[in-house]
Amino acid sequence: MTDTDKRVIRLDNVSKSFGNFQALKGVSFDINHGQKVVVCGPSGSGKSTMIRCINRLEEHDGGSITVNGVELTDDMANILAVRREVGMVFQQFNLFPHLTVLDNLTLGPMRSRGADKQQAQGTAMEYLERVRIPDQANKYPSQLSGGQQQRVAIARSLCMKPKIMLFDEPTSALDPEMIKEVLDVMIELAEEGMTMIVVTHEMGFAKTVADTMIFMDHGEIVEVAPPSEFFSSPRSERTQLFLSQILSH
Amino acid sequence: MSVNRKALFRYWKVSQQSRVVATLQYLVFMASLVWVVVHGANQMGYQWQWYNIPEYFYKVFEGEIYPGRLIKGLGVTVDLTLWCVGFTLLTGLITALLRMSDSISGRWLSTIYLELVRNTPLLVQLYLFYFVFSPIFGIDRFWTGVICLTFYEGSFVAEIIRSGVQSVERGQWEAGDSIGLTRWDNYRYIVIPQAIPIMLPPLTGQIINLIKHSSIVSVIAVADLTTEGRNIIADTFMSFEIWFTVAGIYLVLTLSLSMFVTWLENRTRVRT
Ligand SMILES: Nc1ncnc2c1ncn2[C@@H]1O[C@H](COP(=O)(O)OP(=O)(O)O)[C@@H](O)[C@H]1O
Ligand SMILES: [Mg+2]
């Protein structure tokens, strides 16, 4: 494979403003197939904005974003094509409360992948087993614990058979005793070779899974390094400060 | 669970007590009102003819029962209302979608419509339709009434739908987007189903308004309940009895509708 073949995400000088406030100030990086990237940085530094631009939940207003060979523009067909290949897990789970767990999982494949019901349900049960809650298939999200809900949300994304998974602080809204069950599912997913971008402050997880750490501050990427380097000898002062704060408690 | 039951029971008892008090207050109030009316009518020398009223509900002719004029009028009112409900929901939905769309012309169109309708009197709108548009397009009285009421109520329904849709969390949209749903599928499978329980109470209120406002078509002589009442009074001069009866029929209609919707709400709430 050549380098260009392996590159599944490319951000080139991406910027994004909300009104007068510039949330992203020229962010660039490439992500290869199978790569696991953990993004960290202080609150408000633009982490969410950056990964939300990748599946166009936010519209970037400068630079270019290419996902899976498709450049994100206003073209709705392109956007839908990208979204089918990019799964997203949210901090607040965002499960559909009016649908059962099973229906949460089959909706996407049936409506945007054109799968038939049986096929979709088969896939859904497969992934529910993978996240270890097949017995909850017919419940409603509100009947599940936070950790179970987040695992359902992960399964919902996986049912779309995405090539890339984005996680935006997937464990920040969870009670401490539930964090592990979600992280375990994510570690498994990483071991299977999924391309992942994870925004998280779970540094233990980062050390286990990440092959690249990205540190963001004030809408910029401050530091990119493999975890060994990143944690032992961060180059930038801002990274050092951030790490000392986050690792001290 | 048992704690919940207890709380529920306590709530039920309290609401039961306050309901008894409210019913008593209501009965006392109504009794005084009836007394005032009867007393006043007697002072005026009004001749009550309640015994003449039943024939306006039904007539028996050669052993068969036929609807009386009030029931026929009620039929027209219900018919008119049902058509209007259908068209109103459609108009409201389209207007709301246009208003929330990315299309600038769509947003303009819906805003102009909303502002026009909400800032001119319903009666003037009815005259406009009846004297201007209907002759031009050759529309009869009944459909003129339907179109005018649809036009009017649709603007309110549009706002109810819009606020219902916007009350669904942004995260729901985003989750739908993230699994590749089109905007339309997002509405259909995610947003609208969640917005409906929120919209149901104000929509019921709007349909009740529609039933009440439908009486305005009597000014263009559509033979609805109000028109029939007027006609009967013109023949018989029983204005007190007929107006009380007509008001009573409207009341039964609107109250049974809101009771039905309350029942419906309770049922859907139990399911999820
Ligand atoms: N929809 C929005 N409207 C206005 N400002 C926003 C919006 N979303 C994010 N921001 C601002 O952009 C900045 C970056 O936000 P975000 O990407 O959520 O940061 P992070 O995820 O790193 O905490 C913050 O200052 C935030 O207030
Ligand atoms: Mg964030």
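Biologist: Which residues surround ligand 1?

Modeller: A residue is near a molecule if one of its heavy atoms lies within 4 Å of it. Ligand 1 is surrounded by Phe18(A), Phe21(A), Ala23(A), Pro42(A), Ser43(A), Gly44(A), Ser45(A), Gly46(A), Lys47(A), Ser48(A) and Thr49(A). This is a predicted model, in which local features need pLDDT of at least 70 and side-chain atom pairs count only at pLDDT 80 or more, whereas totals for chains, interfaces and linings use all residues; side-chain values use heavy atoms, without hydrogens and water. Residues are numbered from 1 along each chain as its sequence is written, while chains are lettered from A and ligands numbered from 1 in the order in which they are written.

Biologist: Which N or O atom in a side chain is 2.7 Å from an oxygen atom of ligand 1?

Modeller: A polar contact with a ligand is a pair of N or O atoms within 3.5 Å. The side chain of Ser48(A) supplies such an atom, 2.7 Å from a ligand 1 oxygen. From the backbone, a polar atom of Gly44(A) is 2.7 Å from an oxygen of ligand 1, and an N or O atom of Gly46(A) lies 3.0 Å from one.

Biologist: How are two packed helices described?

Modeller: One gives the angle between their axes and the distance between the axes. Axes are lines fitted to C-alpha atoms over the stretch in contact, and angles run from 0 to 180 degrees between N-to-C directions. Helices are DSSP runs (H or I, at least four residues), numbered from the N terminus. Helix H6 (residues 146–158) and helix H7 (residues 176–191), both of chain A, pack at about 20° with axes 8 Å apart. H6(A) is therefore roughly parallel to H7(A), a term for angles under 35 degrees.

Terms used. A polar contact is a pair of N or O atoms within 3.5 Å; within protein, one must be able to donate a hydrogen and the other to accept it, and residues adjacent in sequence count only if both atoms are side-chain atoms. Helices (H or I, at least four residues) and strands (E, at least two) are DSSP runs, numbered from the N terminus. Angles under 35 degrees count as roughly parallel, over 145 as roughly antiparallel, 65 to 115 as roughly perpendicular and the rest as oblique.
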